[in-house]
Amino acid sequence: MKIDKSATLREAVKILEIETPVSYIEIKKQYKSLLKKWHPDKSGECPEICKNKTIEIIEAYKRLSSFIENYKFKFDESEKGSDISVEEWWFKKFGNDSLWGQNK
């Protein structure tokens, strides 16, 4: 059975409660925020629910981090594009990507 990578990434985005497009810094900030929220000492939920939610959050963060870390970038002069906005650059680089692009 083939695993649908884009579906697992979309699920990770849902678990981390983030809106795309999003930066890696924002993903990390949300990850830490959710871990604090579901900490057994801070959450009003039972410890078993907190434990399961924490595991789910960690796994979702690992999936997104792995995807981001393994995405290939070019940093040569032809990719400079200083005359375009950050949003235009993002769309140019990731516009057809199943998770971050317009086809999500």
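Here is a short walk through this protein, helix by helix.

What you are looking at is a predicted model, in which local features need pLDDT of at least 70, side-chain atom pairs count only at pLDDT 80 or more, and totals for chains, interfaces and linings use all residues. Residues are numbered from 1 along each chain as its sequence is written, and side-chain values use heavy atoms, leaving out hydrogens and water.

Start with the overall plan: the protein has 4 helices and 0 strands (DSSP runs, H or I of at least four residues for helices and E of at least two for strands, numbered from the N terminus). Of its 104 residues, 30% are buried (under 20% relative accessible area with a 1.4 Å probe, protein chains only; exposed is over 50%, partly exposed in between).

Now take helix α2. Its buried residues are Ile-27, Gln-30, Tyr-31 and Leu-34. An α-helix has 3.6 residues a turn, so residues three or four places apart point the same way. Turned away from that buried side, the other face carries exposed Ile-25, Lys-29 and Lys-36.

What covers the buried residues? α1 (5-15) and α3 (47-69) are among the elements that do. Between these two helices, residues in contact (heavy atoms within 4.5 Å) include Leu-9 and Val-13 in α1, and Ile-57 and Leu-64 in α3.
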